[in-house]
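Please look at the model first.

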Amino acid sequence: LLPVVLQSEQGLTPFQSGLATFPTAIGVTLFAQPTSRVYHYIGPRRLIVGGLLIAAVMTYWLARIDGGTSQWEIRIVMLLRGCGFGMILVSLQAATFATIRHEDTGRASSLFSAAQMVGQSLGVAICATVLANRLSHHGGALGPQLPAPVRDAAFAAFHDAFLAAVAMTVVGIAVALLIRDRDAAPSMRPRNALSADGDGEEFFEVPAIGH
């Protein structure tokens, strides 16, 4: 949603739009390592919920974007969203693979990646559908050179779409509250600790984070 609104309503070039959104990656990088260190003590549930809360608040901020919104404001928001994503990605993957046997890692990784892709595609489809519906409802159209009333209607449609994204994040928070840290206990063991359970299954402290 954000690249579309920046290019179609604020008139930015794709390069300028990329400069406004790339701080998300910086935020993920900044928080990935600290999250992996505190994961052993805090557990996945609180880290994932905390990351989703950050993402929800920052996405809610995007629901007020208009033609005069500063690109630096957007960069700061995207940086903070990236920090939240860093907390989520590390914790989610570590908890997911906590009790997976080594010989099952390949299949588990494939299922995990497929679930991510399906979830991302579904989220994009929902947001795009909401945007198209609300553009029609408000009488807006995409384009920086359109009359001001039409552009205002388009911004209103984008606001509704961002709020839909917030609603999906809230659903994610509700689901994340069901996570039980004890189920991820094998991934919360001290660093460099490798142990075996009664069946001879081995678990590393935190699985390596995939790309």
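Arginine 64 forms a salt bridge (a side-chain nitrogen of Lys or Arg within 4 Å of a carboxyl oxygen of Asp or Glu) with glutamate 73, and their closest N and O atoms are 3.8 Å apart. Arginine 64 counts as partly exposed because its relative accessibility is 46%; buried means under 20% relative accessible area and exposed over 50%, with partly exposed in between (1.4 Å probe, protein chains only).

This is a predicted model, in which local features need pLDDT of at least 70 and side-chain atom pairs count only at pLDDT 80 or more, while totals for chains, interfaces and linings use all residues. Residues are numbered from 1 along each chain as its sequence is written, and side-chain values use heavy atoms, leaving out hydrogens and water.

The whole structure has 4 salt bridges. In one of them, aspartate 160 pairs with arginine 134 at 2.9 Å between the closest N and O atoms. Aspartate 160 lies in helix α7 and arginine 134 in helix α6, so the pair ties together parts that are 26 residues apart in sequence. Helices here are DSSP runs (H or I, at least four residues), numbered from the N terminus.

The buried residues of α6 are Ala108, Phe112, Gly123, Cys127, Leu131 and Leu135, and they pack against α5 and α7. Glycine 139 follows α6 and has a positive phi, near 75°.

Technical notes:
Helices (H or I, at least four residues) and strands (E, at least two) are DSSP runs, numbered from the N terminus. Contact means heavy atoms within 4.5 Å.
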